[in-house]
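Please look over the chain shown below. The briefing that follows goes through it by topic.

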Amino acid sequence: MSRFKIYQENQTDVTVVSNLFIDEYMKDANDAQLKIYLYLLRMMNAGLSTSVSDIADQFNHTEKDVIRALKYWEKNHLLTLEYDGAKNLCGIQLLDLSKKTGKETKEVVSLAPVVPLPPKNETENNKPDFSKPVYSLDQLKEFKENEETSQILFVAEQYIGRPLSPSEIKTILFFTDKLMFSEDLIDYLIQYCVGKGKKDFRYIEKVAISWAEEGITTPAQAAKFATRYDKKVYDVMKALGKSGTPTKAEADFVIRWINEYGFTTDIILEACSRTVMATDKHRFEYADSILTSWHQKQVHHPSDIKALDEAYAKNKSAGAKPQGRPSGQYSQFNQFMHTDYDFEALEKEILSN
């Protein structure tokens, strides 16, 4: 296995760790990530050579653990990994955190060719491909007999309360092989889903993929994401008079209102309140129509809604009457403000979109 050398000029016999790293990055990293980053600094300062396999042996990790750690720090912009045409790791750039003010300054670390990393498998939209591979029986057997993964299988069986089926074991193999989840993240994933009363591996797999799409690599990050997601979605569910677990479509509505439209919770809840007063059917679709109208009218604050209400009231008191089917952005907004519109027609319009 090829080796690489990490070095810098003016090497000394000490390893300097930035306070910014301690203050901002250390708290969210797991054990393997911390060890590997510090080890890279140590080897760089000493001008010593190393390799992925050497680092794995040094800390009793797998080479996949090392690769995951390198990609974690790259994702957090502490280093970048460079590949040659054959997708082999050929260089590392370490960010100089002491100069991380304004424009980032990179310190180039020269490397010899090293062990190939898995090629970046991306879709046409430049998004990672998280489709589940078809694993052979030999791959499944090798995974089950691997001493490093047998523990997570045992833990999973304790959470689920029964022996895992071959299909379920392949799903956990997918978590480690394709999603690059660490054992502690898989442990937290299964514990989290079981805690929500979900032992179906199809559900667990969907949660895992959503975490991978969010770039989650540690239990701490997953906990923050799950708390944020659950609170906002369930607050909206409650405001619309719904209980139980939200469907993906319902959660997608809330995520769009927050991420795409940029609405704060108070604006979303105001739309929910108006929806509940207006209809007891298709409430997510109805609220989405209100919020889409507000987004088109550039609503950013409750005062903007008040201004639209006052404009409508003034227009109505002036005796203006809509002719035929409302059209245009303002008419679309009016459709949700007055109380005598055709609910049946609106419902058909919602369902047709």
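Thr176 is buried, since its relative accessible area is 12%, under the 20% limit. The model is predicted, and the chain has a mean pLDDT of 77, with 75% of its residues at 70 or more. Its secondary structure amounts to 16 helices and 5 strands.

- Thr176 lies in helix α7.
- Beyond neighbours within four places in sequence, Thr176 is in contact with Lys64, Arg68, Phe143, Phe181 and Ile186.
- Phe181, one of those contacts of Thr176, has its own list: not counting residues up to four places away in sequence, Phe181 touches Arg68, Phe175, Thr176, Ile186, Leu189, Ala208, Trp211, Ala212 and Ile216.

**Nonpolar cores**

- The largest nonpolar core has 34 residues, and those touching the most other members are Leu164, Ile172, Phe175, Leu179, Phe181, Leu189 and Trp211.
- At least two residues of this core come from each of α5 (137-145), α6 (147-160), α7, α8 (183-195), α9 and α10 (219-239).
- In soluble globular proteins, nonpolar side chains tend to be buried together.
- For the chain as a whole, 40% of the 353 residues are buried.

**Helix α7 against helix α9**

- Helix α7 (residues 166-177) packs with helix α9 (residues 201-213) at an angle of about 5°, and their axes are 11 Å apart.
- Because angles under 35 degrees count as roughly parallel, α7 and α9 are roughly parallel to each other.
- On the α7 side the contact is made by Glu168, Thr171, Ile172, Phe174 and Phe175, and on the α9 side by Phe201, Ile204, Glu205, Ala208 and Ile209.
- Sorted by class, the contact of α7 with α9 has 7 nonpolar, 1 polar and 2 charged residues.
- Ile172 and Phe175 of this contact are also among the residues that touch the most other members of the largest core.

**Helix α2 against helix α4**

- Helix α2 (residues 31-46) and helix α4 (residues 63-75) have axes 9 Å apart and pack at an angle of about 80°.
- This angle makes α2 roughly perpendicular to α4, because the range for that term is 65 to 115 degrees.
- From α2, Ala32, Gln33, Leu34, Ile36, Tyr37 and Leu40 meet Asp65, Val66, Ala69, Leu70, Tyr72 and Trp73 of α4.
- The residues of the contact of α2 with α4 comprise 10 nonpolar, 1 polar and 1 charged.

- Of the contacts in the chain with a separation of 6 or more, 64% join residues 24 or more positions apart.
- Ala46 is in helix α2, and its relative accessible area of 21% makes it partly exposed.
- Between Ala46 and Val14 there are 32 residues in sequence and 8.2 Å in space, C-alpha to C-alpha.
- Lys199 sits in the loop between α8 and α9 and is partly exposed, at 41% relative accessible area.
- Leaving aside neighbours within four places in sequence, Lys199 is in contact with Tyr159, Ile160, Val194 and Ile204.
- Lys199 and Gly161 are 38 residues apart in sequence, with a C-alpha to C-alpha distance of 9.2 Å.

- His77 is not a glycine, yet its phi is positive, about 65°.
- The loop between α4 and β3 (79-83) holds His77, which counts as partly exposed at 47% relative accessibility.
- Gln298, also a residue other than glycine, has a positive phi near 60°.
- Gln298 is placed in the loop between α13 (283-296) and α14 (302-317), and with a relative accessible area of 58% it is exposed.

**Confidence**

- The mean pLDDT of the chain is 77, but over residues 101-125 the pLDDT is below 50, and this stretch has 66 contacts in the model beyond near neighbours in sequence.
- Residues 322-342 also have a pLDDT below 50, with 32 contacts in the model beyond near neighbours in sequence.
- Where pLDDT is low, the predicted coordinates should not be read in detail.

Methods. Residues are numbered from 1 along each chain as its sequence is written. Side-chain values use heavy atoms; hydrogens and water are left out. Axes are lines fitted to C-alpha atoms, for helices over the stretch in contact, and angles run from 0 to 180 degrees between N-to-C directions. Helices (H or I, at least four residues) and strands (E, at least two) are DSSP runs, numbered from the N terminus. Angles under 35 degrees count as roughly parallel, over 145 as roughly antiparallel, 65 to 115 as roughly perpendicular and the rest as oblique. Contact means heavy atoms within 4.5 Å. Ala, Val, Leu, Ile, Met, Phe, Trp, Tyr, Cys and Pro count as nonpolar, Asp, Glu, Lys and Arg as charged, and the others, Gly among them, as polar. Buried means under 20% relative accessible area, exposed over 50%, partly exposed in between (1.4 Å probe, protein chains only). A nonpolar core is a set of buried Ala, Val, Leu, Ile, Met, Phe, Trp, Tyr and Cys residues joined through side-chain atoms within 4.5 Å. pLDDT is the predictor's confidence in each residue, from 0 to 100.
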